[in-house]
Every structure is written in structure tokens, then in C-alpha cells.
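The sequence and structure are shown first.

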Protein chains: 2
Amino acid sequence: MTNVFDDPRITAVGLLFEAHAGLSARFNAQLEEHGLSAVEFEVITRLARSPGNQLRMTDLAAQTSLSTSGVTRVVDRMERDGLLTRRACPNDRRSSYAVVTAAGIQRLNETLPGHLQMIEQWFTGQLDPEALAALLDGLRRVRDAAHPCATAGSDDVSPEQVAATGNATRRH
Amino acid sequence: MTNVFDDPRITAVGLLFEAHAGLSARFNAQLEEHGLSAVEFEVITRLARSPGNQLRMTDLAAQTSLSTSGVTRVVDRMERDGLLTRRACPNDRRSSYAVVTAAGIQRLNETLPGHLQMIEQWFTGQLDPEALAALLDGLRRVRDAAHPCATAGSDDVSPEQVAATGNATRRH
DNA sequence: GCCCAACGACTGCTTGAGCAACTATAACCG
DNA sequence: CGGTTATAGTTGCTCAAGCAGTCGTTGGGC
């Protein structure tokens, strides 16, 4: 039967989604070895790359795939585990910062090299440089078109939502 | 500061994940207009493309990003909504089929054209044919490398996990 | 034929996430 | 100033999903 589902558009989306799913699975496995979920890794990465290793809860929510209540809870867990602390904001008593602790930094340092290696192994290393460049170029255009509110909060537009997730964008 | 997080590998993953998140969000919005979640859409699509519009629960689980218990529950909901029915398997009394009802087919027919249009609008239409081909080629290689157990169940390897998800691969 | 291992589906329990309601603070406006 | 509106964060509730355990069924070894 000439199937509607053989439509090349379906195929295209299938490829993108499967690639994402595959990479997510690989990454999750590696992160789990270090006791981090994808979301936790994204949170700690976002914080670590921010000035002072800290970010206001709202900004953190804006930079991740989480709602503000989601952030409250992740930070709860990570604070309980000693990776983060909350710090009051001096200017605005409504706000509070999530700050990475030394233990958090250490955990991240233990995790990152393996993570980068995973990326290389399953993604970037699979393609020769030109093919990779072409892939990234295409992805960038799709991202720019489709991504709803790229990166809010405190960094600029082009930097990326780092690794993590495997579970994206449920609100909006 | 020369930041570890500017590593091109991080950037690459960020692009892929953001593109995926952006598309997921767009697709979810359109699917929701037709009263379907991403998972439900994937389920109904998988069934509709299968011979007899049916699939055993286990095979359905293998083809989707769901565990078998997850499938049990999605099928529960969709059966309650009249989109699917369960049918006993004549050969093996342990197994049962999930079958798309006429209402399910109709719902899918209402949903699909808009969905294809969304794909075109936010994804395939964003690139000229060669760029798209290059993108897909790269994705295919990444997918083949990273995707854990591509498509189990009853269809062959190349066809894709259709649209849907936005929420990928939690088991393994 | 009988037993035991494997399999298919379902259920209880737990977890993570979003939404909406709520509280406290800040900012604005008269 | 005093009151109204907006903002930051948290919490209650709900829901979807996975894991592990259960029950019935099947098939294989003897």
C-alpha cells in the first residue's frame, strides 16, 4: 500500500527524534553513573557557567526546560544532596539565588569529561568535519525557526541548552 | 574566562536538543488542538500503519518510547476515549491486540494534514533540498550509532519513530 | 503427561513535573 | 504616604511514566 506514513517529512522528523532519543539514552546512562539526572546536570551546568556560580530561581527556570515550580523542586533535591545552596538576594528579598557548592563543582568536574567523551563517541565523532558542519548548520536553522523562547534569563541568544534533558519543553 | 562550556561538542548537542525541543513544542501544540498528546499520536500512528490497524501490546511498547506498563495505561486512556479497542489474540491467550477504531482513524485523519504542515513549516521547509539532505544524512548516521534498539516489534529498521514524543527514552 | 522456565499483560507504588493558588515583597501611581 | 498591581518563590493537587511484583498462559525438557 502507498502509505501516508512513508512521507519524507515523517521520515525526517523520525530521524531527528530518534537521534535525540538515542543520544539522550546514552547520556542519561553516563550521568547516572555520577548520580545525576539529565535535569540535574543541566541545572548544575547552567549555574556553573554563570557568574558567581549562581542564578536566580526564575532565570534558572527560563534557561532550562523547567517551570518555576519544577526548579523549586530540583533545587530542593540538589540542596538536600549538598550540590547546591540557596542564598538570599540582597537587593530583592523576593528573589533567591541557587548557588553551586564546592561539592557540586566537584561532582560536575567528575562528570564532564566522560560526558564530552560520550558526545564525541556517539555524535560528533560519527561524522567527518564537513558533514558535521553541514549537520550543525541545518540544525541551527531549524532551531532558530522552531525554538520558542531560546534562552531567557541571563545569557545571550546563541549559547545552547547544554546536553541534559531527554525530556523537553512541556510548557508554553 | 575561557569556558569549558564553549566546547564545540557542548554546542553541537545543544543545537540538536534545542531543535528537538522547539519542534516538540510546536507539534505538541498542534496535536493538542486535536485532543492528542504526543504519546497518543505516536501510538495511534504506529497502529494505523500496521497491518490490520493493530499491534500486540508488547510490540507497541517496543516501537514506542514506552515501557509495557506505560502502553497498558495509554491504551487504557485511549480505549476510554474510543480511539482504540483491545482484541484478544486467537493464537496466544496471553497476548492482546490494540486496534484502532473508526473514530481513531478519523481522528488521525483530522490531525495528520496539519501535522505534516507543521513539519514542513518548522523543519523541512526551513532548508533548501541539498541542505536538508545533508542534515538528514548526518542525523541518520548519528541515529544509527546512538539509537539503542531502533525499531523492535513488527516493522523493519529504517522507518522512523514518527513525530510524537517530546519525551524520549527513559528506560533501557 | 508433568514440571518449570519464559512470556504477556496488568497493578501497586513511587517519582518527577506542571498548573493553579497562595504569600511575601517590590514597584508604580495617585 | 496608601493602595493597587506585578513579580519571586513555594506548595497542594493531579497526572503520566517506570519499576517491580503478580497472575495466567505457553512451551520445552524429561
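## Contact between the chains

Two residues are in contact here if their C-beta atoms, placed from the backbone, lie within 7 Å. The model is predicted. By that criterion, 59 residues of chain A are in contact with 59 residues of chain B. On the chain A side, the elements that give two or more residues are α1 (8-33), α5 (102-122) and α6 (129-146). The most comes from α1(A), with 18 residues. Sorted by class, the side of chain A that touches chain B holds 31 nonpolar, 18 polar and 10 charged residues.

## Relation of the two copies

Two copies of a chain are related by a rotation about an axis and a shift along it. For chain A and chain B, the superposition takes a rotation of 180° with 0.0 Å of shift along its axis, at an RMSD of 0.1 Å. That is the relation of a two-fold axis.

## Fold of chain A

Chain A has 6 helices and 3 strands. Their order from the N terminus is α-α-β-α-α-β-β-α-α. Of the 172 residues in chain A, 45% are buried. Among the contacts in chain A with a separation of 6 or more, 57% join residues 24 or more positions apart.

## Surface near DNA strand C

DNA strand C has 23 residues around it, and those that come nearest are Ser69(A), Gly70(A), Arg93(A), Thr58(B) and Ser69(B). At least two residues of this surface are supplied by each of α4 of chain A, α3 (57-63) of chain B and α4 of chain B. The element that gives the most is α4(A), with 4 residues. The class counts for the surface near DNA strand C are 4 nonpolar, 10 polar and 9 charged.

## Surface near DNA strand D

Around DNA strand D there are 23 residues, of which the closest are Thr58(A), Ser69(A), Ser69(B), Gly70(B) and Arg93(B). The largest share, 4 residues, comes from α4(B). By class, the surface near DNA strand D consists of 4 nonpolar, 10 polar and 9 charged residues.

How values were computed
Residues numbered from 1 in each chain as written. Chains lettered and ligands numbered in written order. Predicted model: local features only at pLDDT ≥ 70, side-chain atom pairs only at ≥ 80, totals over all residues. Near = placed C-beta within 6 Å. Nonpolar A, V, L, I, M, F, W, Y, C, P; charged D, E, K, R; others polar. Least-squares fit on C-alpha atoms with pLDDT ≥ 70 in both. Buried ≥ 20, exposed ≤ 12 C-beta atoms within 10 Å, placed from the backbone.
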